[in-house]
Amino acid sequence: MTIHVKSFYDKPTGTGTYVVHDLQTKEAAVIDSVLHFDAAAGTIGTHLADEQLAYIKSKNLQLKYICDTHAHADHLSAAAYLKTKSGAKTVISKGIGEVQARFSQRFNKPVVADLSTLYDILVGEGDTLMLGDVTVNVIATPGHTSDSTSYLIEDNIFVGDTLFMPDVGTARCDFPGGDAAQLYNSISRIHCLSDNTTIWVCHDYPPSHRQASLHTTVAESRRSNLHVNDNMSESDFIKVRTKRDKSLAVPKLLYPSLQVNLWGAQLPAPEENGTRYIKIPLTTQENVNAN
Ligand SMILES: [Fe+2]
């Protein structure tokens, strides 16, 4: 093994963040970082990202990439903050543009045609990045969102919300651009990897009888994933997924997350009084009638 993976768990959002580094050159990547947001108080916290920076410093690592697996709708990404602190390059799927365009009108925020002004490296299926001597393979895994991407590094795959722990199953597919059939296909690609490949998930919402856990294996996922395993067909999965999605509430941080994460993980610009604001688009009878 030539890489090391250090995981961090953020309890309030159930998010797993990873610092992966090449043991030889000490070049590192952060995958799926979190900025804390207390919606009631309007405060932003950087303590988890700071913990990762401290870890990177303590191990003498050089942070090269700050990767996101997709347009997160349940937490704010700390990518822009980490970039400011480290100078590392932000990485996300080029599909982020399509997701941004989908939500631009909702937030009354302009589509940014030149995405390179928001993100340093835009990746797509089959692309590779180098972490020292180690190759990071980009695999497009749409379904949960249209821009969902997994990063395969040796026998570790960072899947974002494409899979959850086996006893939790899979992520919702009912956001605009989500698609259960596509998710099934993306999971099939992950389940085709060798049995001992470690799957690192972006979230764990553990049932009450166990602690949070962030990794499983392809063999275990194929054998026992609640929603998609070797004994279930695509149509079984679509039925289960669609039924479950109908029962789910809107994520608490949906609007705060999207208006930040789709525009380079940058907080909204300050208004004339110097204060930044997060907006919540309201659904009223007026705009229901207008649409
Ligand atoms: Fe997500």
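**Strands, metal site and rings**

Modeller: Strand E3 and strand E6 (residues 62-67) run parallel and are joined by five bridges, where strands and helices are DSSP runs numbered from the N terminus, a strand (E) having at least two residues and a helix (H or I) at least four, and two strands pair if DSSP finds at least two bridges between them. This is a predicted model, in which local features need pLDDT of at least 70 and side-chain atom pairs count only at pLDDT 80 or more, while totals for chains, interfaces and linings use all residues. Residues are numbered from 1 along each chain as its sequence is written, and side-chain values use heavy atoms, with hydrogens and water left out.

Colleague: Which residue in E6 does Ala28 stand opposite?

Modeller: Ala28 also has a counterpart in strand E2 (residues 15-22), which pairs with E3 in the antiparallel sense over four bridges, and there His21 stands opposite Ala28. E2 and E3 form a hairpin with four residues between them, and Lys26 in the turn has a positive phi of about 70°. In E6, the residue opposite Ala28 is Leu63.

Colleague: How many of the five residues of strand E3 are buried?

Modeller: Buried means under 20% relative accessible area, exposed over 50% and partly exposed in between, with a 1.4 Å probe and protein chains only. Glu27, Ala29 and Ile31 point one way from E3, Ala28 and Val30 point the other way, and all are buried. Strand E3 (residues 27-31) is therefore largely enclosed by the rest of the structure, the buried count being five of the five.

Colleague: In the open sheet of six strands, which strands stand at the edges?

Modeller: The order is E9-E10-E11-E12-E13-E14, with mixed pairing. Each edge strand has a single partner strand, so one side of each is left without a neighbour in the sheet, and these are E9 (128-131) and E14 (215-217).

Colleague: Which residue in E13 stands opposite Ile157?

Modeller: Strand E12 (residues 156-158) and strand E13 (residues 198-200) run parallel and are joined by three bridges. Helix H4 (residues 180-191) lies across E10, E11, E12 and E13, contact meaning heavy atoms within 4.5 Å. The residue in E13 opposite Ile157 is Ile199.

Colleague: Which residues coordinate the iron ion?

Modeller: Donors are N, O and S atoms within 2.8 Å of the metal (3.2 Å for Na, K and Ca), and since water is not among the atoms, sites may look incomplete. In sequence, the donor residues are spaced H-x73-H-x16-D. His144, in the loop between E10 and E11, and Asp161, in the loop between E12 and H4, are 17 residues apart, and they are buried at relative accessible areas of 5% for His144 and 2% for Asp161. At 2.0 to 2.4 Å, the coordinating residues are His70 (NE2), His144 (NE2) and Asp161 (OD).

Colleague: Which residues do ring pairs link into a cluster with Phe107?

Modeller: Rings of Phe, Tyr and Trp (its six-membered ring) pair if their centres lie within 6.5 Å, with planes under 30 degrees apart counted as stacked, over 60 as edge-to-face and the rest as tilted. Phe107 and Tyr255, which are both buried, form an edge-to-face pair at 6.0 Å centre to centre, with 80° between the planes. Phe107 and Trp263 form another edge-to-face pair, at 6.3 Å and 90°, and these two residues are 156 residues apart. Linked with Phe107 in the cluster are Phe103, Tyr255 and Trp263.

Methods:
Axes are lines fitted to C-alpha atoms, for helices over the stretch in contact, and angles run from 0 to 180 degrees between N-to-C directions.
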